[in-house]
Amino acid sequence: MLVGVCDFPGSYAFPPAGYGGIERWLWAVAVGARAAGADVRLLGPGWLPELEAEWVRKPVRLEDITPGSLAERELKAAGYDLLIVGHEYPSLPAWVRTWTQLDCDVATFQHSPVFQHAESAFDGKRSRLYCYSPEMIERYAAHQPVQELAVHLGLHEEEPPATKGRDLVWLGRIDEEKAPHLAVRAAQILGRRIRVVGPVFSEDYVRSHEKLFSADHVEWVGELGGPAKTAAIREASLFVYTYDRTYVEAGAAVFGESLRAGTPMAALTWRDGTCAQAALCDRTGATTVVPPDADDETASQALAEAIERASALDHAQVQAIGQHRFDPTRHFEAMAAR
């Protein structure tokens, strides 16, 4: 099988070391495809040039190809069986025009909870959309989505054997939508230390919770990438996951990252059918569902109870389950099957 994995214009490298959800997902699919025995070509100029020592890199984007050009003829002659692409592209007319000339399948994963696809973007067979959770399946039901857990990988982020770890960790972008203040308050209730890892996206949000964020039990780590990011997760006793009441998580990378590293999770959700419930089980974490009209203190108390439940889980077992559940080869094979 010949597989093309397509980049797109973006601010992160392909593959990134640290952050960049769709970019990390594309790299995971490429790695999984190769492990499954596929012939993989990295399409687009965004892929790191140093990958050419081990990968076939073709710096061409389908949406930029002129009809009838040599580039189009070369793409057709290659005989692609499957293209893996960011979720916007099956609705981009210029990209679709070139893709239809190739007579191959296309598969993508929904990484946004609000993007509106063209009505004809997916037929559920030749063009396929995958979604992480029942909540996302319901949002995109008109496009015949398939439920599948996304796998995300970065460069040099291989997970060492699990260790018990210490303290709590929260990782992500620091803003209202991700609501890390709830994790910080839950840790405070339990008398636990917590490390906050990630870039600040909203200074106003941080100031609005200044007293909580500046408390003695909080360690601000900043943004980490590569091995340092993996180590921050692996060396924690528990990963605490939060988000705001109105936010819809399309497919958070942190579930796979934490479980693959062997770190159990405690997750706060505001409804059923979310990514947390799709990703976790009672052997890998604890999820609490809090009514969205509950106040922050009630939510933090419920999260603290989930932290206590998940703290007894075995890290080695969590890693074994995580490595299987978020295996890039399995993920590619699921997406490659009609």
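Q: Leaving out residues up to four places away in sequence, which residues does Arg-61 touch?
A: This is a predicted model, so keep that in mind as you look. Find Arg-61 in the loop between β3 (56–58) and α2 (70–78). Not counting residues up to four places away in sequence, its contacts are Asp-7, Phe-8, Pro-9, Gly-44, Pro-45 and Gly-46.

Q: Is Arg-61 buried or exposed?
A: The cut-off for buried is under 20% relative accessible area. Arg-61 comes in at 17% relative accessibility, so it counts as buried.

Q: Which residue has its backbone oxygen 3.4 Å from a polar atom of the Arg-61 side chain?
A: Phe-8 is one of the residues that Arg-61 touches. The backbone oxygen sitting 3.4 Å from a polar atom of the Arg-61 side chain belongs to Phe-8.

Q: Which element gives the most to the lining of the largest pocket?
A: That pocket holds about 820 Å³ of space and is lined by 34 residues. Elements giving two or more residues to its lining are α1 (21–35), β8 (168–171), β11 (238–241) and α9 (254–261). With 4 residues, the top contributor is α1.

Q: How many charged residues are in the lining of the second largest pocket?
A: The second largest pocket has a volume of about 290 Å³. Its lining has 22 residues, with Leu-153, Gly-154, Glu-157, Glu-158 and Glu-159 closest to the centre. By class, the lining divides into 10 nonpolar and 5 polar residues, and the charged ones number 7.

Note on methods
Residues numbered from 1 in each chain as written. Predicted model: local features only at pLDDT ≥ 70, side-chain atom pairs only at ≥ 80, totals over all residues. Heavy atoms only, no water. Buried < 20%, exposed > 50% of the residue type's maximum accessible area, 1.4 Å probe, protein only. Polar contact = N/O pair within 3.5 Å; in protein donor to acceptor, adjacent residues only side chain to side chain. Contact = heavy atoms within 4.5 Å. 1 Å grid on protein atoms, 1.4 Å probe; cavity = no way out; pocket = protein on both sides within 12 Å on 5 of 7 lines; lining within 4 Å. Points joined across faces, edges and corners; volume = space filled by probe spheres on them. Nonpolar A, V, L, I, M, F, W, Y, C, P; charged D, E, K, R; others polar.
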